[in-house]
Amino acid sequence: MLGAPATGKSTVAVELVAGHVDDGVRPDQCLLLAASRRGAARLRDRVTARVGGTSTEPLARTFPSFGFGVLRAAAALAGDPPPRLLSGPEQDVVLRELLAGHASGESVGPQWPERVRLALPTRAFRAELRDLLMRAVELGLGADDLRALGLQHGRDEWVAGAELLREYDEVTALLTPGAFDPALILGAAASALEGDDDLARSVVGSLRLVVVDDAQEMTPAALHLLQVLRSVSPGVGMVLLGDPDSATQTFRGGDPTLLAREWAVLGDGPTVVLPQSHRPERLRDVARSVAGHIGVVGDVGHRRAEAVGEGGSVGVHLLRSVSQECGFIAARLRAAHLLDGVPWSDMAVVVRGQSRSAALRRALQTSGVPVTAAEAELPVRDEPAVRPLLALLQVVSDLALGRTEDVPVEAALDLLVSPLGAADPVELRRLRRTLRRDELEAGGGRTSDELLAEVLLRPAVHDQLGVEGRSIQRIGRMIREGVEACGASTGEWGAGVTAEGILWAMWDASRLAGPWRESALAGGAAGARADRDLDAVLAVLRAAATHAERLPGSSPEAFLHHVLGQDVPGDTLAARAPAGEAVSLLTPQSAAGRHWPLVVVAGVQEGSWPDLRLRGSLLGSQDLVDVVRGREGGHRAALAAVRHDETRLFHVAVSRASRSLLVTAVRSEDEQPSPYLDVVDPLPDDADRRELSDWSHPMTLPALVGALRRDVVDSDPRRRGAAITSLARLARDGVPGADPASWWVLRRPSDDRPRRGPEDPVRVGPSSIDGFGSCQLKWALTKVGGDGPTIGQRDIGTLIHEIAAEGDRDAASMRATLDERWPRLGLPRGWPTDHKRRLAEQMVARLARFFDENSAAGWSRLAAEARMRVVLGRVVLSGSVDRLDVRPTGEVRVIDYKTGSSKPRTADVPRHAQLGAYQLAVEAGGFEGVDVPRNASGAALLHLGKAAGKSTSMQVQPPLGDDEDPKWAHDLVVGTGELMAGATFVATPSDDVCRTCPVRTSCPAQAEGRAL
Ligand code: SF4
């Protein structure tokens, strides 16, 4: 039975079963087969609702599920343990281990052709290999057949693949007896039925009717199984329903020609064409014209189905960029929901490719369009919330079995900053400081990393850590509960302990389920993350449960090994967060068999739709299918086959809409729209290219408020009036941003008093004078915390200053100190830290060189880190100098160490504010506790960091008295102090300073800050 989309094929399938049941056939004598598990679930619901009552066997199943049922029955009859299915990730693990074994020389591998050898360790190669092996098995080829075909057609890769297939079969049979590869099931089930009359009688003997829905997705193995069914149970009626133009599983071996032509091997029944489409005319026409570009594989009568009536809307839109396309779609969906009352769940967006789909998901979510949860894209072990859980399982196992008494430092740090620990950098730094302080007071010398790892196992101190200790408390609790759940004693696991039990104990102890759930329900970006994290945790718990069921008695570590070895995402039917009222975002494959009143087909770009890359081209899996099925081979034929398959996918996508269809694409310098657009909506004869569509802003409240606020200052008084009225209404309803009272631009300064009263002293630090001079606003805002926490570089600078202050030593001795103190910085492992370490070593080397040269020049050290304080009216200049040197003649020079990468221009050094302030302090005798001659002979910047360059590392400022205005430093300090005490701080933009300014977003001189 052939039918175009929406001609009621599935309804006919359901009614066929229902009709038989009405005629007295028992429901379990009918078998309804679907192409996918979701399709089977939908059919099952419909049949159950239509027929009523219950049945011992599922009323609708997939082919593999039916085949698996046959194998299970066969095992039961033979008294064998029940068979089980190898999952996709498990297959990948087996292949990876085989290939790794060959690469390491542990076993002799096949002779792969030279051109693929470099690809052997990659995941992409394994995907190709799996594809080749699965195709071969589905075609009923054994290792010998594949080898013979390879030799016959000169395909070395098939010969090598045959050898691997043999090894793969042996290994899976050995490692997991009774485990079946999905591709193998149908062939194995057919053989079992053919070879065992008892089995055939008991499993299919009573069948009266077999109905195959979406039969265009059948593989040769599926058709063969039907053939066997007919032969062992000749009285069974068979109906195949489908549309050869709507196949979506061809990349997995589905072959629409089986439905179009080759079904005749099952019998000589009539072909019936369903005449009536339930789509309005416009949408029927689109589906028909797309189908017209698909190669004919048999009868095409179904393409002529009548439409249900006039109407239906179709729109094709070109946008300038992907972000505009996403915004456009969000706006159209919101308009449909808000203006036309279309429920979210009546809309779907069909898109190909993960990156496009991810961009769309983000754009829709930020525009307030609820979207259904994403399918798994990562192997479960790589999910951010699962990685730490698995690491904890390892830690807990090691502790419980007594293999270690400590938490490894690296694991501890990873756990604390993971989604489970959720420590932020500031928290972690405070923790480090607290722990280090206690350690030093107790006379210990361990690094802060070691202390963090150690404190996890000391619950007694957890409560003393205050709010910063949250992460320590949580991870510590999870470890304790996990170890307890292991129930281990004397290095053995407790009886009946499973990975699932330990994971649950740890998850409960985390007490994160509630907060994550609340966050997920609150929505937004954080909500989406929490939602995904919860799904991932559930997935790993489920995986642990399945593992325990499949391999009773296996240890928690076996599960760990199993899940860590998986490189590909698992496929799951398990319940996810309920879709509820949300727009479905799907691939054409997952949209097949369903329909929505409004469907958007997005990202219809040249190169990606159709994607004409040849499938399985590396190992020629498609060629194998063609050779075996006697199709015309060759490059052109292969290309044509791919084009037709791609058009089938597009046909499925556009035919999902029952009322309105929108097709969108981008035309930009990088991307061109697909020729499919012209098939959906042909250009008029007089137009040579499609116009770009206007992008309307998303219909969200923030966008509306923004637009109205712009209109408030429009030159047209009517527009202004309308905007004011609308804003007032929104403000009354409490919409954020509508009330002028919340507009920053209208706020008056909350306090215009100066920072210091007229008589109050003002402290000026020598190092802040330059910064204040370059931009007063930056100084004022960073002074009150605008630059956030500092990590890394500044700490290294502090360490170098500390080493330099401990006396003039040689490079080796200072390096030893650096080695000893480096871990204190608590920097993570990796190349950025290695790089910083090399820089620190260079600084120490430069310092040692300076010490030598300095003493050779007659200078000796008078003091380091000397405190200074000079009172100049109400301005107090105070701070400390890195180093004071003196010569036998009594001359004094101040040295300031610089560890950064920039240095002042030489011309600016004579009036360098910080150096001037130091000289002022020398002349004023402003040093505390050091007897410094008042004979300043200059001051210098000693560059130890990248700024040192190769030639000079010292910039010297002459004595103040040599300047034409010897009082410049005094006046600068006093003037700066007065301005610092004032009420106004001027923003002074300059390329140099603004580029790295941390307070740009609050600066009126910058576009991003002006918005305030
Ligand atoms: S962005 Fe530039 S002008 Fe604005 S505060 Fe920062 S440094 Fe000053």
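Guide: Asp131 and Arg135 both lie in helix H6 (residues 123-138). They are four residues apart, about one turn of the helix. Helices here are DSSP runs of H or I with at least four residues, strands are runs of E with at least two, and both are numbered from the N terminus.

This is a predicted model, in which local features need pLDDT of at least 70, side-chain atom pairs count only at pLDDT 80 or more, and totals for chains, interfaces and linings use all residues. Residues are numbered from 1 along each chain as its sequence is written, and side-chain values use heavy atoms, with hydrogens and water left out.

Back to the pair. Asp131 forms a salt bridge with Arg135. Their closest N and O atoms are 2.4 Å apart. A salt bridge is a side-chain nitrogen of Lys or Arg within 4 Å of a carboxyl oxygen of Asp or Glu. Side chains of opposite charge can pair when their charged atoms come close. By this rule, the count comes to 45 salt bridges.

Are Asp131 and Arg135 buried or exposed? Both are buried. Buried means under 20% relative accessible area, exposed means over 50%, and partly exposed lies in between (1.4 Å probe, protein chains only).

Next, look at helix H36 (residues 831-856). Glu841 and Arg837 are four residues apart there, so about one helical turn separates them. These two form a salt bridge, with the closest N and O atoms 2.9 Å apart. Arg837 counts as buried because its relative accessibility is 18%.

Asp963 and Arg911 meet through their side chains in a salt bridge, at 2.8 Å from N to O. Asp963 has a relative accessible area of 17%, so Asp963 is buried. Arg911 has 41%, so Arg911 is partly exposed.

Last comes a group. Glu439, Arg446, Glu454 and Arg458 are joined into one network. The links are salt bridges that share partners.
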